[in-house]
Amino acid sequence: MAKEQLIEEAFVFHDGVERTVAIKLSSRARRIQIKIDHHGGGIHLTIPKSISPAKGMEFIKKQQSWILGKLSRLEDGHPFENGMILPFKGRPCRVVHSPGRGLVSFNSQDAEIQVHGQIEHLPRRLLDWLKKQAKADLSARSVAKAHKLGLTIKQITIRDQKTRWGSCSSNKTLSYSWRLILAPPTVLDYMAAHEVAHLKEMNHGPNFWRLTDSLLEPNTDREEAQRWLKNEGRRLFSYGRD
Ligand SMILES: [Zn+2]
């Protein structure tokens, strides 16, 4: 007989989200144990074989506040504040508050972003500046790439999209997430090529990818940029929140 048996149970937590609990029925376990895996945030429940999975799920129900607390801490936020380290164009930079008037300025040599004004306005001023930088960088790239194809863009907007990095609408408006300005330049270059290619090919077929590749800067590796977004992209959403 197998020492362990694995089953999965779905459970709706009191935040309204249904999560899957992986239950391990173990002949060795002496007590019920909950473990949260640190990477994927999976919930693992180990129960002695003498206990029914239903009883195990009752334990999950009782411990749900504790579980939700653990899950929320897995994705720590990085609020905008004096002294924080913020990636800017893929490079870790220090945010430094400086009293007195002035615009936000970036010192490339010291890798410092200086934010002037009252400290309570720092988060808003930093966010406005990042959005402006994102718009300048992505607009320049998009316009140049569209020009290559003999196309014009109607409008470029910068948003805080939760689920995507960019989009292209049928009326030739391109939208990008401001968070891309935190990523390495080759990632911005890939996203601009991707959205501009959609001006001509509104799909992800072979022609679309050929067109995207033809719009990349020589040092941009499309697969590397895609891999970066897949592996590191989630981290970019932790900036600017508690
Ligand atoms: Zn696309």
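**View 1. Strand β6 (residues 91-98) is joined to β8 by five bridges, and the two run parallel.** The model is a predicted one, in which local features need pLDDT of at least 70, side-chain atom pairs count only at pLDDT 80 or more, and totals for chains, interfaces and linings use all residues. Residues are numbered from 1 along each chain as its sequence is written. Helices (H or I, at least four residues) and strands (E, at least two) are DSSP runs numbered from the N terminus, and two strands pair if DSSP finds at least two bridges between them. Opposite valine 96 stands glutamine 114 in β8. Both strands belong to an open sheet of four strands with mixed pairing, in the order β5-β6-β8-β7. β5 (85-88) and β7 (105-107) are at the edges with a single partner strand each, so one side of each has no neighbour in the sheet. From one strand to the next, the twist averages 35°.

**View 2. A further open sheet of four strands has mixed pairing and the order β1-β2-β4-β3.** Its edge strands, β1 (4-12) and β3 (33-36), each pair on one side only. The average twist is 25° from one strand to the next. Four bridges pair β3 with strand β4 (residues 43-48) in the antiparallel sense, and lysine 35 lies opposite histidine 44 in β4. Helix α1 (residues 53-62) packs on the sheet and touches β1, β2 (18-26) and β4, its direction making about 45° with that of β1. Contact here requires C-beta atoms, placed from the backbone, within 7 Å.

**View 3. Strand β11 pairs with β9 and with β10.** Strand β9 (residues 155-159) runs parallel to β11 and is joined to it by five bridges; arginine 159 stands opposite serine 177 in β11. Strand β10 (residues 166-168) is antiparallel to β11, with three bridges, and serine 167 stands opposite serine 175. β10 and β11 form a hairpin with four residues between them, and lysine 172 in the turn has a positive phi of about 70°.

**View 4. The largest nonpolar core holds 32 residues, of which Ala134, Tyr176, Leu180 and Met191 touch the most other members.** Such a core is a set of buried Ala, Val, Leu, Ile, Met, Phe, Trp, Tyr and Cys residues joined through C-beta atoms within 7 Å. A residue is buried if 20 or more other C-beta atoms lie within 10 Å of its own, exposed if 12 or fewer, and partly exposed in between. At least two core residues come from each of β8 (112-116), α3 (122-148), β11 (173-177) and α4 (185-198). The largest share, eight residues, is supplied by α4. Alanine 134 touches Ile158, Tyr176, Trp178, Leu180 and Ile181, residues up to four places away in sequence not being counted.

**View 5. α4 and helix α6 (residues 222-236) pack at an angle of about 105°, their axes 9 Å apart.** This makes α4 roughly perpendicular to α6, a class that spans 65 to 115 degrees. Axes are lines fitted to C-alpha atoms, for helices over the stretch in contact, and angles run from 0 to 180 degrees between N-to-C directions. Thr186, Val187 and Tyr190 of α4 meet Arg222, Ala225, Trp228 and Leu229 of α6. Glutamate 217, in the loop between α5 (206-214) and α6, is partly exposed, with 14 other C-beta atoms within 10 Å. Glutamate 217 lies 8.4 Å from tyrosine 190, C-alpha to C-alpha, although the two are 27 residues apart in sequence.

Key:
Contact = placed C-beta atoms within 7 Å. Parallel < 35°, antiparallel > 145°, perpendicular 65-115°, else oblique.
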